[in-house]
Amino acid sequence: MSEMKKIKNLKEFSTSADRFEGANLLCPGCAHSIIVREVLNATNDDMVLSASTGCLEVCTAVYPYTSWDASWIHIGFENGSTAVAGAESMYKALKNKGRLKQPERNPKFVSFAGDGASYDIGFQWISGCMERGHNIMHVVLDNEVYANTGGQRSSSTPIGSSATTSPAGRVSYGEKKNKKDMVAIMAAHGIPYSAQVAPNKWKDMVKKIQHGFSVDGPVFINAVSPCTTEWKFDPKDTMHLTDLSTDTLVFPLYEIIDGHELNITYRPKNVIPVEEYLAAQGRFKHLFKDEYKYLIKEWQERVDANWAYLQRREEARV
Amino acid sequence: MAKKGWDEFEIGAMLRTFDGKIDDIAGTRQEDRAYSQNSSYTASVADWRLIKPIFNKDYCIDCQFCWIYCPDVSIISRDKKLIGVDMDHCKGCGICVEVCPTNPKSLLMFPEQADEETEIANWPKKDEEEA
């Protein structure tokens with residue numbers, strides 16, 4: 001059972017039996033469940049899951065219902081990763097003592113968290129898990145805002161975005177601080193694998209998840225998750241927004257192996273100007289006023305600089 | 001069940017998804033699983049929907065894009081073939097229609113009260129300009 005599930009194409013992938021159920025209370029068109037499904041379907045092994053407080057947690061575990069067909073735990077905002085790390089430590093200890101009833105089963109330990117629970121509140125806990133070297137995977141559903149509580153800014157919110165605690169108006173263009181580079185921070189722990197993924201590139205994503213399951217040690221995955229409510233776009237455009245985010249290189253897809261070896265895994269054939277990505281979302285609407293137009297230029301420069309940085313790091317292999 | 005006071009609740013709650021034991025969950029199809037009443041599979045969000053997708057299998061090429069991108073596990077795919085839409089769990093977001101690559105699309109959104117057979121009979125023809 002511990003051998004890797006073979007997924008050659010989407011038809012083969014579609015024979016997977018889902019372990020995440022519908023009738024959860026996520027918004028129509030929410031990308032969270034697309035990411036969760038792609039992660040869970042990437043393996044046939046048993047799973048031990050957790051979710052930190054956030055949209056995913058409150059919407060999939062509304063008493064008396066649960067949407068998970070696997071062992072799943074929720075404790076607090078910050079400690080989803082440590083809960084799974086604890087389960088993993090117990091599993092290792094019991095295995096070493098020979099007290100497991102079915103030692104041939106090889107469960108996978110995954111914790112899901114939003115960007116608030118990873119970039120801000122759970123940061124210390126995740127850092128601890130990565131440093132202690134637990135054999136877990138931490139998946140961030142990065143929607144760049146505290147969507148569950150009404151759209152407050154998090155340290156993942158990008159410049160110019162209008163959030164309820166950094167609103168755009170007469171005196172401000174919204175969020176003024178740039179997004180934290182979480183993948184690089186986690187890679188700096190020297191963990192075996194950290195990667196940025198997007199649900200629209202499902203093959204790239206499944207490949208990365210499976211690689212993450214196969215390595216021994218902590219794995220960090222940052223997944224872009226467009227939020228129809230807080231990014232303010234039509235629910236049917238979720239995949240269009242994800243396409244835009246990867247093809248404008250706002251969310252470049254890459255992986256970092258052993259903390260230093262960076263590989264870019266997706267190079268768009270036609271790079272789209274960032275302006276299109278910004279124009280598709282209501283949270284950047286004010287940037288198209290005359291007084292804030294200079295920010296769009298700055299956005300493009302920032303994205304270009306980041307892409308150049310990634311390419312140079314890939315070349316230099318450091 | 002008698003109403004409980006605030007200090008009478010158990011601390012923590014454990015919900016079981018299944019009645020009885022399932023050994024190989026990843027190898028068991030949804031229709032073969034014994035869901036308990038605590039699984040959200042037994043619940044319905046059909047009343048969220050204003051528009052609903054209708055599936056026309058004549059044009060479907062079984063690319064499975066709708067299956068992978070459906071956020072609500074509502075596209076039912078068996079043996080690599082798309083067989084229908086789970087109307088209890090579909091919230092009517094319309095992602096499946098957006099990602100459908102066929103011309104004309106094999107999934108389209110219609111008002112909730114639309115009749116499936118009538119709409120399939122009046123399905124739009126191939127759009128030559130787009131092709």
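These legends go with a set of close-up views of a predicted model.

**View 1**
Chain B's share is W48(B), a residue of the segment before β1 (51-55) of that chain. How accessible is W48(B)? Its relative accessible area is 35%, so W48(B) counts as partly exposed.

**View 1. Helices α4 and α6 of chain A, packed together.**
Two packed helices are described by the angle between their axes and the distance between those axes. For α4(A), residues 80-97, and α6(A), residues 123-132, the angle is about 30° and the axes are 8 Å apart. Angles under 35 degrees count as roughly parallel, and α4(A) and α6(A) are therefore roughly parallel to each other. As for handedness, α4(A) passes α6(A) in a left-handed crossing.

**View 2. Two cis peptide bonds, one in chain A and one in chain B.**
In chain A, the bond joining Y63(A) and P64(A) is cis, with omega about 5°. P64(A) sits in the loop that runs between α3 (55-60) and β2 (71-73) of chain A. Over in chain B, N103(B) and P104(B) are joined by a cis peptide bond, with omega about -5°. Look for P104(B) in the loop between α2 (95-99) and β4 (107-111) of chain B.

Q64(B) isn't a glycine, yet its phi is positive, near 70°. The residue belongs to the loop between β1 and α1 (65-69) of chain B. Is Q64(B) buried or exposed? With 2% relative accessibility, Q64(B) counts as buried. K80(B) is not a glycine either, and its phi is positive at about 65°. This lysine is in the loop between β2 (75-78) and β3 (81-85) of chain B. K80(B) has a relative accessible area of 37%, which makes it partly exposed.

**View 3. The salt bridge of E31(B) and R78(B).**
Over all chains, the structure holds 22 salt bridges. In one of them, the side chains of E31(B) and R78(B) meet at 2.7 Å, N to O. E31(B) is in the segment before β1 of chain B and R78(B) is in strand β2, so the pair links distant parts of the chain, 47 residues apart. R78(B) has 15% relative accessibility and counts as buried.

**View 4. The salt bridge of E112(B) and R49(B).**
Side chains of opposite charge can pair when their charged atoms come close. Here E112(B) pairs with R49(B) in a salt bridge, and the closest N and O atoms are 2.9 Å apart. E112(B) lies in the loop between β4 and α3 (116-121) of chain B and R49(B) in the segment before β1, so the pair ties together parts that are 63 residues apart in sequence. E112(B) counts as partly exposed at 28% relative accessibility, whereas R49(B) is buried at 8%.

**View 5. The salt bridge of D62(B) and K81(B).**
The side chains of D62(B) and K81(B) meet in a salt bridge at 3.9 Å, N to O. What does this pair tie together? D62(B) comes from the loop between β1 and α1 of chain B and K81(B) from strand β3, so the pair joins parts that are 19 residues apart in sequence. D62(B), at 12% relative accessibility, counts as buried, while K81(B) is partly exposed with 46%.

**View 6. A salt-bridge network in chain A.**
Which residues are linked in this network of salt bridges? They are D142(A), E144(A), K179(A) and R283(A).

**View 7. R317(A), after helix α11.**
R317(A) lies in the segment after α11 (294-316) of chain A. R317(A) counts as partly exposed, with 36% relative accessibility. From R317(A) to W299(A) is 18 residues in sequence and 27 Å in space, C-alpha to C-alpha.

Definitions and conventions:
Residues are numbered from 1 along each chain as its sequence is written. Chains are lettered from A and ligands numbered from 1 in the order in which they are written. This is a predicted model: local features need pLDDT of at least 70, side-chain atom pairs count only at pLDDT 80 or more; totals for chains, interfaces and linings use all residues. Side-chain values use heavy atoms; hydrogens and water are left out. Helices (H or I, at least four residues) and strands (E, at least two) are DSSP runs, numbered from the N terminus. Buried means under 20% relative accessible area, exposed over 50%, partly exposed in between (1.4 Å probe, protein chains only). Axes are lines fitted to C-alpha atoms, for helices over the stretch in contact, and angles run from 0 to 180 degrees between N-to-C directions. Angles under 35 degrees count as roughly parallel, over 145 as roughly antiparallel, 65 to 115 as roughly perpendicular and the rest as oblique. A crossing is left-handed if the near helix is turned anticlockwise from the far one by less than a right angle, and right-handed if clockwise. A salt bridge is a side-chain nitrogen of Lys or Arg within 4 Å of a carboxyl oxygen of Asp or Glu.
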